[in-house]
Amino acid sequence: MSKRILEVKNMHFSFYTYAGEVHAVNGVSFHVDQGETLAIVGESGCGKSVTVQSIMKLTPTPPGKLKQGKIEYMGEDITHYTQKEISSMRGKEMSMIFQDPMTSLNPTMRIGHQIAEGILSHENISKEKAKQKAIEMLIKVGLPNPEKNFMSYPHQFSGGMRQRVMIAIALVCNPKILFADEPTTALDVTVQAQILELMNTLKREFKASVVLITHDLGVVAKTAQRIAVMYAGKIIETGTARDVFYDPKHPYTWGLLDSVPSTGVQSTKTLLSIEGSPPDLFDLPKGCSFAARCKYCMNICREMPPEETVMANGHKASCWLLDCRAPSVPSQKRVSRVSKLNVKEAAYVE
Amino acid sequence: MSNDTLIEVKGLKKYFKVGKNQLLKAVDDVSFSIKRGETLGMVGESGCGKTTVGRTILGLYDVDGGSVLFDGVEVHAQKGKEYKALTKQMQMIFQDPYASLNPRKTVSAIVGEGLDIHKMYKTKAERMEKIYNLLELVGLNREHANRFPHEFSGGQRQRIGIARALAVEPKFIVCDEAISALDVSIQAQIINLLMKLQSQYEFTYLFIAHDLTMVQHISDSTAVMYLGTLVETGRTEDIFSKPLHPYTKGLLAAAPEADPDYEMSKPSPILTGEVPSPINPKPGCRFFGRCNVAIEICSKERPALVPVDEHHLVACHVVNTLKSEV
């Protein structure tokens with residue numbers, strides 16, 4: 001088994017506002033092994049970003065507060081690290097790429113200095129050497145004219161180039177884990193494909209693990225080995241990418257997969273959408289938080305939150321339908337386009 | 001012009017002056033038409049001029065060349081009362097539901113504004129009745145009429161934006177990235193709503209988006225734009241099943257699908273580089289710098305949009321030479 005880099009156990013995180021307590025994360029547990037990509041998927045406001053930001057202690061406390069839970073990094077409990085302790089880890093052990101490359105770089109600092117800043121704060125080397133390393137990094141992320149770009153400012157770069165710079169900053173100190181919070185949402189599809197490719201290559205080169213936060217299931221399919229689906233601050237289903245995509249168990253996952261039309265096949269004319277909107281995080285329902293939008297909602301769903309059911313391959317889902325007493329529902333297995341093509345070809349040959 | 005064409009765009013040009021003696025050619029010689037009751041999907045990367053096309057059609061921008069015919073009437077030749085009558089038939093749904101609704105107005109004031117401008121009611125009661133009907137049509141409640149935009153979620157706001165566009169009973173609606181700012185499950189809701197309304201009222205849509213899967217789902221025909229020019233147009237199933245232009249191919253290959261096995265079997269992205277600046281573009285094909293099949297003529301001469309079969313048009317020298325050789 002590969003080495004466990006990060007383990008989060010039963011994390012609860014709330015924000016205390018004037019309007020009351022916002023239950024942003026309600027009992028999230030997951031782990032990340034060396035060299036793998038875990039994708040956290042969910043709609044906006046489901047707590048994806050808060051989860052990873054609170055691991056890196058980037059959420060302001062107060063108003064935020066880690067109420068419960070344990071965060072282990074390489075077997076070491078970092079739950080109650082102070083800002084000073086965690087800041088020595090940021091960049092070196094774990095780092096982050098943010099969604100918006102337009103606003104997450106410092107507009108008044110030269111690109112090269114923003115990259116070198118991380119090296120200088122973690123490693124005891126001369127400025128000259130740090131510059132050399134920064135230039136090497138610029139080459140690795142595929143920016144032309146590294147010498148010239150070292151002295152450029154962010155406004156001279158396009159969105160895709162800025163995101164490359166963000167990746168350079170994040171990886172320059174060779175962190176073991178990289179959190180990527182919607183790294184390609186603000187980019188065009190063609191640039192998105194390039195950035196995802198770059199992240200995959202560099203992940204292999206640096207032997208880093210990636211936690212990818214996104215709401216784009218296509219991006220997930222392209223990059224992730226394992227998936228965690230979040231809804232209203234909870235992970236409702238987790239498993240390998242193939243398990244979650246082809247044999248999903250939770251009605252919310254079904255809905256998410258149904259709401260993306262697939263290219264290649266002109267589908268039926270109405271998309272199956274999930275009606276309604278996510279619950280109010282101020283006042284969560286006492287049962288399953290998806291009950292109000294669920295087609296298969298039963299009485300028990302409104303009364304008690306479902307337990308996590310563990311299936312083969314570490315595939316887990318929290319839904320009352322998986323209880324042995326629940327009525328059976330139509331199978332939601334899906335077939336990959338690749339195997340569909342193969343079937344078609346096979347039929348053609350016959 | 002045949003009677004079933006609602007929008008006819010001919011040689012549309014829209015330039016913006018930037019700095020000294022510099023021209024940003026946002027839209028450069030674009031022609032297409034949309035049939036009554038159909039949806040044209042317009043795709044392309046950001047900065048390729050999709051939005052400018054939409055806005056110019058509605059007369060929000062003046063033209064620098066070419067013309068737009070709406071139901072046989074030239075949009076940019078109309079002034080005053082005539083133009084106002086025309087705006088009643090053409091509406092727009094905007095991208096950002098957070099920025100496109102006036103935060104200081106109630107929903108009824110936002111939706112009713114068009115009714116007021118075009119004096120579409122006799123009594124106050126009739127006005128409110130119309131607003132209530134519109135809200136119910138887009139899946140909101142009567143009670144929502146007196147609320148303010150900040151009280152709604154993104155999906156609900158987009159529904160308000162749709163109700164506002166529908167208020168004046170238009171024939172043609174430009175959906176400018178109307179779903180880009182929304183979550184996937186909400187996107188599907190809005191797409192379903194737009195399609196339901198189309199089948200009820202026979203609207204004609206220009207659906208501008210960068211999400212290819214949604215465009216494939218909603219549109220009858222598709223136009224692919226690159227840097228102010230159309231590179232390929234045709235029936236949606238043709239564009240998606242047998243794309244001809246290298247840019248269309250690259251764009252389709254770049255869009256990831258929710259199917260891990262398929263994604264893993266796909267080769268790495270075809271398109272490298274980024275969209276160059278549309279300011280003072282070089283002569284020749286706009287796609288020349290990023291094209292992997294370019295030949296000599298591509299750097300000198302701009303390819304024209306020529307038909308490959310009845311509905312499928314492509315602007316590419318390489319495709320044309322191959323075709324003439326066959």
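How many bridges join strand 3 of chain A to strand 8 of chain A, and do these strands run parallel or antiparallel? The legends below describe a predicted model, and the first view gives the answer.

**View 1. The mixed sheet of chain A.** Strand 3 (residues 37-41) and strand 8 (residues 209-214) of chain A run parallel and are joined by five bridges. One of the residues to look for is A:T37, whose bridge partner in strand 8 of chain A is A:V210. Both strands belong to an open sheet of eight strands in chain A, with the order 6-7-8-3-9-10-12-11 and mixed pairing. Strand 6 (94-97) and strand 11 (308-310) of chain A are the edge strands, each pairing on one side only. From one strand to the next, the twist averages 20 degrees. Helix 1 (residues 48-55) of chain A packs on this sheet, where it touches strand 3, strand 7 (177-181), strand 8 and strand 9 (226-231) of chain A. The direction of helix 1 of chain A makes about 145 degrees with that of strand 8 of chain A. As a general point, the strands of a sheet pair through backbone hydrogen bonds, either parallel or antiparallel.

**View 2. A hairpin in chain A.** Strand 1 (residues 4-17) and strand 2 (residues 20-33) of chain A pair in the antiparallel sense over 11 bridges. A hairpin of two residues leads from strand 1 of chain A to strand 2 of chain A. Within this pairing, A:M11 has A:V28 of strand 2 of chain A as its bridge partner.

**View 3. Two crossing helices in chain A.** The axes of helix 3 (residues 111-122) and helix 4 (residues 127-140) of chain A come within 9 Å and cross at roughly 120 degrees. Helix 3 and helix 4 of chain A are therefore oblique to each other. Their crossing is right-handed. Helix 3 of chain A contributes A:G112, A:I115, A:A116, A:I119 and A:L120 to the contact, while helix 4 of chain A contributes A:K127, A:A130, A:K131, A:K133, A:A134 and A:M137. By class, seven residues of this contact are nonpolar, one is polar and three are charged.

**View 4. The antiparallel sheet of chain B.** Four strands of chain B form an open sheet in the order 2-1-4-5, with antiparallel pairing. Strand 2 (22-35) and strand 5 (73-74) of chain B stand at the edges with a single partner strand each, so one side of each has no neighbour in the sheet. Strand 1 (residues 5-18) of chain B runs antiparallel to strand 2 of chain B and is joined to it by 11 bridges. For B:E8, the bridge partner in strand 2 of chain B is B:S33. Helix 1 (residues 50-57) of chain B lies across strand 1, strand 2 and strand 4 (65-70) of chain B, at about 115 degrees to strand 1 of chain B.

**View 5. The contact between chain A and chain B.** This contact takes 41 residues from chain A and 40 residues from chain B. On the side of chain A, the elements that give two or more residues are helix 7 (189-206), helix 8 (217-223), helix 9 (241-246), helix 10 (251-258) and helix 12 (337-349). Helix 7 of chain A gives the most, with seven residues. The residues on the side of chain A that touches chain B comprise 15 nonpolar, 19 polar and seven charged.

Conventions:
Residues are numbered from 1 along each chain as its sequence is written. Chains are lettered from A and ligands numbered from 1 in the order in which they are written. This is a predicted model: local features need pLDDT of at least 70, side-chain atom pairs count only at pLDDT 80 or more; totals for chains, interfaces and linings use all residues. Two residues are in contact if their C-beta atoms, placed from the backbone, lie within 7 Å. Ala, Val, Leu, Ile, Met, Phe, Trp, Tyr, Cys and Pro count as nonpolar, Asp, Glu, Lys and Arg as charged, and the others, Gly among them, as polar. Axes are lines fitted to C-alpha atoms, for helices over the stretch in contact, and angles run from 0 to 180 degrees between N-to-C directions. Angles under 35 degrees count as roughly parallel, over 145 as roughly antiparallel, 65 to 115 as roughly perpendicular and the rest as oblique. A crossing is left-handed if the near helix is turned anticlockwise from the far one by less than a right angle, and right-handed if clockwise. Two strands pair if DSSP finds at least two bridges between them.
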